[in-house]
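Keep the sequence and the structure side by side.

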Amino acid sequence: MIVSPSLLSADFGNLNKDLEMINASEADWLHIDVMDGVFVPNISFGFPVLKYVQKACRKPLDVHLMIVEPQKFINEVKDCGAEIMNVHYEACTHLNRVVQQIKAAGMKAGVTLNPATPVCMLRDILPDLDLVLLMSVNPGFGGQKFISGTLRKVQELRRLIEETGSHAVIEVDGGVNAETGRQLKEAGADALVAGNYVFKAESPMKAISTLKNL
Ligand code: DX5
Ligand code: ZN
């Protein structure tokens with residue numbers, strides 16, 4: 001299982017400590033949630049913080065933009081060292097163009113779906129995608145309850161990926177813990193984002209290891 005701990009639940013009063021933990025852990029990526037207070041009802045952090053994270057973190061950055069008009073910031077995201085740039089399906093009128101621009105900038109292209117958006121909306125773009133990020137909570141906050149209907153969406157997306165010959169990785173974000181993580185693995189997920197489950201654990205390193213070895 002690919003594990004991508006979410007920085008949103010880290011201790012912003014001592015980011016170094018948490019980033020050192022991530023560096024020393026079995027985490028594959030670091031998930032970064034950028035929010036604008038428009039696309040989602042919350043504001044997180046922006047590029048100056050990402051620049052710092054880029055310097056201190058040795059894991060590839062999996063950037064999740066919960067913002068309107070994400071195409072305006074492709075160069076900024078690239079400059080922050082992102083390996084994967086995730087944009088919301090619901091935020092892009094010209095999704096094909098945005099995906100091509102992300103790839104032309106040298107990043108992997110991920111498209112994120114809100115819980116109410118069906119996976120069939122991605123049928124025509126799937127062969128162009130490196131990753132699909134399925135939200136298993138309504139985006140905007142950490143620590144929410146997992147929406148169980150996501151399991152069926154993972155299965156459906158897995159079938160669609162096979163049908164379209166896509167190589168996209170299936171990542172799931174929101175309410176992931178050892179129990180929901182195991183269910184997601186069974187359903188066909190390749191990658192898990194986890195905020196609270198990792199950073200609020202007594203041993204975050206162990207929590208990462210548990211998800212890694214589900
Ligand atoms: C929610 C964010 C998530 C969040 C997950 O809008 O996209 O990445 O950090 O947090 P948990 O794992 O605590 O649900
Ligand atoms: Zn996220």
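Ligand 1 takes up the space of the largest pocket. A pocket here is an open set of points on a 1 Å grid over the protein atoms alone, with protein on both sides within 12 Å along at least five of seven lines. The model is predicted: local features need pLDDT of at least 70, side-chain atom pairs count only at pLDDT 80 or more, and totals for chains, interfaces and linings use all residues. Residues are numbered from 1 along each chain as its sequence is written.

The shell around ligand 1 holds 19 residues (a heavy atom within 4 Å). Ser6, Asp33, Gly140, Asp173 and Gly195 are the closest. By class, seven are nonpolar, ten polar and two charged, with Gly counted as polar.

Now the polar contacts, pairs of N or O atoms within 3.5 Å. Histidine 64 places a polar side-chain atom 3.3 Å from an oxygen atom of ligand 1. Glycine 140 uses a backbone N or O atom, 2.7 Å from a ligand 1 oxygen. For glycine 175, a backbone N or O atom lies 2.8 Å from an oxygen atom of ligand 1. Alone, ligand 1 exposes 380 Å² (Shrake-Rupley, 1.4 Å probe). The protein buries 99% of that.

Turn to the rings. Two aromatic pairs are counted (centres within 6.5 Å). Phenylalanine 12 and phenylalanine 45 have ring centres 5.6 Å apart and planes at 45°, so the pair is tilted, that is, neither under 30 degrees (stacked) nor over 60 (edge-to-face).

How values were computed
Chains lettered and ligands numbered in written order. Heavy atoms only, no water. Polar contact = N/O pair within 3.5 Å; in protein donor to acceptor, adjacent residues only side chain to side chain. 1 Å grid on protein atoms, 1.4 Å probe; cavity = no way out; pocket = protein on both sides within 12 Å on 5 of 7 lines; lining within 4 Å. Sits in = over half its atoms within 2 Å of the grid points. Phe/Tyr/Trp six-rings, centres within 6.5 Å; stacked < 30°, edge-to-face > 60°.
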